[in-house]
Amino acid sequence: MKSKLTVDRDQVISKIDPRMWGSFTEHLGRSIYEGIYQPDHPTADEDGFRKDVINAVKKLNVPLIRYPGGNFVSAYNWEDGIGPKDQRPTKLDLAWRSKETNQFGIHEFMKWAKKVGSEPDMAVNLGTRGIDAARNLIEYCNFPKGTYWSDLRRKNGAEKPFNIKVWSLGNEMDGPWQIGHKTAYEYGRLAHETAKAMRLIDPDIELIACGSSSHQINTFGTWEETLLDQAYDDVDYLSLHQYYDDSDHDLGEFLGKSVDFDHFITDVANICDAVKARRHSKKQINLSIDEWNVWYHSKAADDKQAPWQVAPHLLEDHYNFMDALLVGSLAITLMKHADRVKIGCLAQLINVIAPIMTNTNGDPSVWYQSIFYPFMQASNFGRGIALAAKSDVPTYQAKDYEVPYTDSVATYDENGILTMFIVNKSKEKVDFESTLQNFDVQGLDKATQFCGYDLMKTNEDQSMKLESMNQVTVSDNKISAELQPLSWNVIRVKVKD
Ligand code: AHR
């Protein structure tokens, strides 16, 4: 099979917002406790943060992390997580039917986020709470001093305001499972009024409204339209959440889900633009895909977990090689939509449907899942400018979509490196040829592949690795490569400015 990609320096999609490569950590399972925070762990630092985890997170280079939920936030009282730790209450977390000790709260999160080099995306509770709790929270976090909440922050150890810029107005408020679930109209009104109050305290914040919690939910479309009718002028981003599973038990269907992801993004952008047109507005709403991933392995095990444990093993998917290929393809899809997708959060970061896992007592203390590798490369190299590359490749027919056998995108960064990301979804080798137009090609920088594993192989033994691609040639402005069957490939080429 042959796959051709024409990349033209002048065909720009958009500059990539680095926040596209964000992630998410929720008070859920062992994401925070035994993940980020474990004071009795041998690698714990002076704040009780696991240094082994900090080092692993740094490799992913995530510029933004969403916190504290997720479903958790919809019944969370943020005040429970501030002040002296021995006075913080243990409460029931209804979303995950666990016990929350509140030993980790806003101050700990802000400190940890700084250590891993990320900015926060702070979610407010619009489930059980609303305007009042949100306005107090932003006063606590962003107001300098001289008021009850800002002085309480100072008393709790943070003299300077946190100056949190990005805020999420609730979580998945369209979902009947959500505590405090709302209709689109109810949510739209609440988002509008909450945004209004928050911006009175800090006009410089950026706000994300909850869009649909999947492309497949039956309120999709009307949800976006109805809520934007109420809150269009108040928010900067609309969120999309999407998880994929292997419900068809079919490789072609599974790997084809990136096409659904692509359509989801286009559909939501179109809805935003329809509302914009109807309102004669000049403002564009951008997209925050603040939960995306593969999620299905842990569901049966989770049903058997006893309720009301502290940090139970929940949502601990062990990802296989096939999942890594889809995650790579979803990451490519994000880059293809860099003009609208400004924020993305791989959900989640540690232990819970995550690229990074911890062993409480085991060796190694931290291990990388299969999905770690494509996400790490997309995050580190998918920077700069996304180019609208033209692809010429055979397709196959899945149930709902026609799926190209190779999925690819190109980016070009300020260091003079052009990167091509390519997933080969076929069981055959593919002759890949790319023509780089309007580039002065200087030679190959590096080419890697992730391939050759059994589709069901998971990575507890840490044997999965990126390897060099040998069959790559650069001649003038043509790059040729042999793509291995079912592979994730990253080809980096030096180009002159
Ligand atoms: O990421 C796990 C859960 O998935 C989140 O809490 C929720 O927002 C979504 O349904």
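1. Start with the salt bridge between aspartate 229 and arginine 278. In this predicted model, their side chains meet at 2.5 Å, N to O. Aspartate 229 belongs to helix 6 (residues 222-231) and arginine 278 to helix 8 (residues 257-278), so the pair ties together parts that are 49 residues apart in sequence. Side chains of opposite charge can pair when their charged atoms come close. The structure holds 32 salt bridges.

2. Next, the ligand and its neighbours. There are 13 residues around the ligand. Those that come nearest are Glu26, Asn71, Glu172, Tyr243 and Glu291. By class, this shell has six nonpolar residues, four polar ones and three charged ones.

3. The side chain of glutamate 26 places an N or O atom 2.6 Å from an oxygen atom of the ligand. Asparagine 71 uses its backbone: a polar atom there is 2.9 Å from a ligand oxygen. Asparagine 171 uses its side chain, with a polar atom 3.0 Å from an oxygen atom of the ligand. On its own, the ligand has 280 Å² of accessible area, and the protein covers 96% of this.

4. Where does the ligand sit among the pockets? The space taken by the ligand is the second largest pocket.

5. Proline 68 is in the loop between strand 4 (64-67) and strand 5 (91-93). Glutamine 348 is in the loop between strand 13 (341-347) and strand 14 (356-358).

6. Glutamate 34 also calls for a look at the backbone. Its phi is positive, about 80°, although the residue is not a glycine. Glutamate 34 is in the loop between strand 3 (22-24) and helix 1 (51-60). For context, most residues other than glycine have a negative phi, and most peptide bonds are trans.

Note on methods. Residues numbered from 1 in each chain as written. Predicted model: local features only at pLDDT ≥ 70, side-chain atom pairs only at ≥ 80, totals over all residues. Heavy atoms only, no water. Near = heavy atom within 4 Å. Polar contact = N/O pair within 3.5 Å; in protein donor to acceptor, adjacent residues only side chain to side chain. Areas by Shrake-Rupley, 256 points an atom, 1.4 Å probe, with all protein chains shown as cover. 1 Å grid on protein atoms, 1.4 Å probe; cavity = no way out; pocket = protein on both sides within 12 Å on 5 of 7 lines; lining within 4 Å. Sits in = over half its atoms within 2 Å of the grid points. Nonpolar A, V, L, I, M, F, W, Y, C, P; charged D, E, K, R; others polar. Salt bridge = Lys/Arg side-chain N within 4 Å of Asp/Glu carboxyl O. Helix = DSSP H or I, 4+ residues; strand = E, 2+ residues; numbered from the N terminus.
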